[in-house]
Amino acid sequence: MRKLPQPLRHWVTWYLRLPLWLTGLTALCLVSSAIVLSQQPGAAQLPPISPTRIAAATVSPQKPKLGDTIKVTVPASGVTTSPSVAWKGKTYPMFQVNRDRYRALIPTTPIDKPGRMTLQVNTGSTQNITLNLRNRRFPTQRIWLPAGQDGSVSDDEFDRVNAFKQIVTPEKRWNGKLRRPNNGPVTSIYGVRRYYNGVFAGDYFHRGVDYAGNRGSAVIAPAGAKVAAIGYERNGFAVHGNWVGLDHGQGVTSIYIHLNRITVKPGDIVKAGQRIGTIGNTGSATGPHLHWGFFVHGKAVDPVPWRYKGFE
Ligand SMILES: [Zn+2]
C-alpha cells in the first residue's frame, strides 16, 4: 500500500480510533453515574456487581513436559462447589491450601501423548486451560527374556499394590522439597523405556528411581506421611518383595520396594527423614537396591521436580 502523507495519516488514525473513544466514554459515564447513584442517600440499592467470569486459574509449570506434575490453583473467592480439574476423562480433586486458594495436582507420564492438552477447571463455573505438553526423550533399555517368561506381576500382587496407589486422604502431610530416600548412587532414573526381546514395550516405563545403596543401609521417608500399606515377599509379593507404601495426603503416595527389613507398621505417622526400612534384594531384584516410586493420583510422576523445587 502506498504511504499516505503524514498529516492525513494522522487524521485517518484518529478517525479509526473514534468509535473506541466513544465506547470508552460511554462506559466511563455509566460507571460514574452508578457510583453517584449508590452514594445518594435514599437512592435504590444497586445489586452487588457479579463477576462475569471467575478469576483466572494459574498453572505451573506453564511449559510442562512428560512426567511433570501440573499444579492448578484458583482463588477461593470464586469457588461455589467442591472444585476439581478434569483431564482425559479423569477428575482430580482440588484441596484448599490456604484461606485464599485451592490447588489440584495433575500427573503426567511418559506414556501420555505430547501436544495440546486441555484442562477443564470446575469451581462452580467452568474454564478451560490449554497447555502444550512437551515431549521428552527417555533413555531406553533392551531386555532379553527366555521364552515363556515375561517378567510380569501376578494379578493379585498388582491389585494389592494398585489399591494402595489409589488412596486419596484430605490431610497434606508433606512440606517443602522431598529428601533423598537413600544415600546410595542413582542407578536408574524415572521414565526409562524398554524393549523386550527387541519389541518396544509401549506401556512400560520405569515408574520410579533406583538407588544402589548397600544392603542394610537406611531407607528414609522423603516427606511426612502415614504408613498406608506394607507387604512381605513371603505373603505373595514375588516382584515387589518387602515393600512399604506411604500416604503423603491429597492423592500423593510413594512406594519403597525390594526392602530387607521394614521398621514401621501400618498406621504409623512418619516424619521426613525417619527410617522406614533398610535396603535389600527381596522380590525380583538382581542385587540390593531401593526402587522408589512416587505417585500423584495413582500415576508414577517424575520425583525430580518434587525433590529440587517442591510443591505446596
Ligand atoms: Zn526401579
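Three bridges join strand 3 (residues 84-87) to strand 7 (residues 115-122), and the two strands run antiparallel. The model is predicted, with local features requiring pLDDT of at least 70 and side-chain atom pairs counted only at pLDDT 80 or more, while totals for chains, interfaces and linings use all residues. Residue numbers start from 1 along each chain as its sequence is written. The chain holds three helices and 21 strands; helices (H or I, at least four residues) and strands (E, at least two) are DSSP runs, numbered from the N terminus.

**Overall make-up**

- Of the 312 residues of the chain, 32% count as buried; a residue is buried if 20 or more other C-beta atoms lie within 10 Å of its own, exposed if 12 or fewer, and partly exposed in between, with C-beta atoms placed from the backbone.
- Among contacts between residues at least 6 apart in sequence, 67% join residues at least 24 apart; a contact requires C-beta atoms, placed from the backbone, to lie within 7 Å.

- V85 stands opposite V121 in strand 7.

**The nonpolar core**

- The largest nonpolar core has 50 residues, and those with the most contacts inside it are V72, V85, I106, V244, Y256 and L259; such a core is a set of buried Ala, Val, Leu, Ile, Met, Phe, Trp, Tyr and Cys residues joined through C-beta atoms within 7 Å.
- Strand 17 (residues 252-262) supplies the largest share of this core, six residues.
- Because domain 1 (58-133) and domain 2 (140-308) both give residues to this core, it lies between them; the domain bounds come from an automatic or database domain assignment.
- Leaving aside neighbours within four places in sequence, L259 is in contact with V219, G241, N242, W243, V244, G277, T278, I279, G280 and T282.

**Backbone exceptions**

- Most residues other than glycine have a negative phi, and most peptide bonds are trans.
- The peptide bond from S60 to P61 is cis, with omega near -5°, and P61 is placed in the loop between strand 1 (58-60) and strand 2 (69-75).
- K88, in the loop between strand 3 and strand 4, has a positive phi near 50°; K88 counts as exposed because it has 10 C-beta neighbours inside 10 Å.
- N197, in the loop between strand 11 (193-196) and strand 12 (199-200), has a positive phi near 45°; N197 counts as exposed because it has 12 C-beta neighbours inside 10 Å.

**A229 and its surroundings**

- A229 is located in strand 15 (residues 225-231) and is partly exposed, with 18 other C-beta atoms within 10 Å.
- Beyond neighbours within four places in sequence, A229 is in contact with F164, G245 and P266.
- A229 and L246 lie 17 residues apart in sequence and 7.0 Å apart in space, C-alpha to C-alpha.

Methods
Two residues are in contact if their C-beta atoms, placed from the backbone, lie within 7 Å. Two strands pair if DSSP finds at least two bridges between them.
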